[in-house]
Amino acid sequence: MHSPITGTAAGVPFTALPPAHNGPAPLLVTWHMLDAPRSDAAFAAALPMHDLPAWRVHLGMPMCGARMVNGSMDAGLELMRKDPLMSFLHPFVQQASEEFPAALASIRAQLPVDDGPIGVLGGSLGAAVALRILAETDIPVAAGAVVNAAIRMRSVVDLFPGEYPYDAESEKAVDSLDFIAKADAIASRAPLLVVSGELDHPGLRADAFSLVSAMGERAELLTIPGLAHPLADEPGIEPAPQLPVAREVDAGLTAWFRRHLAGVS
């Protein structure tokens with residue numbers, strides 16, 4: 001088992017886990033949660049997929065991990081308090097997805113990954129990034145997966161206290177991150193595994209079922225008994241021992257990408 005490789009790709013921090021064998025291998029890119037594990041290094045520890053013969057490159061989300069302001073999440077929490085959708089959720093997903101093409105080119109220049117279609121994986125808010133890559137870009141993707149996913153941003157906004165004061169601009173923004181409405185576009189691009197914790201937020205669970213139903217045979221649902229929303233214990237910034245429920249998610253993802261990621265067997 002190789003040690004993690006850390007670096008930056010076009011300004012985006014990453015933690016890369018090499019395959020056990022030497023030489024070029026397929027690439028799987030991930031985006032972490034804002035719940036624990038909330039950094040690329042912590043996400044790599046929670047879902048290492050050691051048995052997958054591919055590069056697993058875990059990207060850091062904006063204002064998280066190495067990009068935290070003054071080493072804490074306080075700046076992000078302040079944005080959340082100001083306006084959870086327009087100051088926080090929407091710009092985070094937008095920045096992470098828009099910086100990805102340049103980051104991908106940099107990863108390919110730095111690491112011995114093959115030039116075939118990639119895999120994409122996201123947890124919670126990171127799942128919205130992975131789904132946006134599938135729905136709105138032409139980056140070749142062999143397979144995708146999401147875990148306790150932010151599939152409809154309205155459902156995420158509903159998790160915040162109080163009634164959100166939507167206006168024309170915020171209605172447009174939240175609808176742009178409704179991936180059930182974009183299920184056909186996602187299905188046309190790649191097969192998708194939707195992993196949903198049995199104890200995840202009810203609205204997110206309902207959206208997981210709806211997306212799988214809308215995508216038909218191009219999607220599969222994997223329910224993990226006993227899993228709530230997080231995949232790691234707090235504080236979730238540094239790598240930590242893998243929890244038993246995360247080990248189940250890890251096994252399901254490994255099996256999925258073994259089936260669907262080109263060049264992996």
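Predicted model: local features only at pLDDT ≥ 70, side-chain atom pairs only at ≥ 80, totals over all residues.
User: How many of the residues of strand β4 are buried?

Analyst: Strand β4 covers residues 55-59 and is mostly covered. With the cut-off of under 20%, the count of buried residues in β4 is 5 of 5.

User: Which residues point one way from β4, and which the other way?

Analyst: In a regular strand, side chains alternate between the two faces of the sheet. In β4, Arg56 and His58 point one way, and all residues on both sides are buried. The residues that point the other way are Trp55, Val57 and Leu59.

User: Which strand runs parallel to β4, and which runs antiparallel?

Analyst: Strand β2 (residues 12-17) is joined to β4 by 4 bridges, and these two run antiparallel. Strand β3 (residues 27-31) is joined to β4 by 5 bridges, and this pair runs parallel.

User: Which residues stand opposite His58 in β4?

Analyst: His58 lies in β4, where Thr15 stands opposite it. Thr30 also stands opposite His58. The residues asked for are Thr15 and Thr30.

User: What is the handedness of the β-α-β unit made by β3, α1 and β4?

Analyst: Helix α1 comprises residues 40-46. Together with β3 and β4, α1 makes a β-α-β unit, and its handedness is right-handed.

User: Is Asp40 buried or exposed?

Analyst: Asp40 is found in helix α1. Its relative accessibility is 8%, and the cut-off for a buried residue is under 20%. Asp40 therefore counts as buried.

User: Which residues does Asp40 touch, not counting residues up to four places away in sequence?

Analyst: Among the contacts of Asp40 are His58 and Leu59, which are buried residues of β4.

User: Which element gives the most to the lining of the largest cavity?

Analyst: A search of the whole structure finds 2 cavities of 30 Å³ or more, and the largest holds about 60 Å³ of space. Its lining has 15 residues, with Ala42, Ala46, Ala232, Ala240 and Pro241 nearest its centre. The element that gives the most, with 3 residues, is α1.

User: How many residues of the lining of the second largest cavity are nonpolar?

Analyst: The second largest cavity has a volume of about 30 Å³. Its lining includes Asn148, Ala149 and Ile151. The lining has 2 polar and 2 charged residues, and the number of nonpolar residues is 6.

Notes:
Residues numbered from 1 in each chain as written. Heavy atoms only, no water. Buried < 20%, exposed > 50% of the residue type's maximum accessible area, 1.4 Å probe, protein only. Contact = heavy atoms within 4.5 Å. 1 Å grid on protein atoms, 1.4 Å probe; cavity = no way out; pocket = protein on both sides within 12 Å on 5 of 7 lines; lining within 4 Å. Points joined across faces, edges and corners; volume = space filled by probe spheres on them. Nonpolar A, V, L, I, M, F, W, Y, C, P; charged D, E, K, R; others polar. Pairing = 2+ DSSP bridges. Right-handed = clockwise from strand over helix to strand, strands pointing away.
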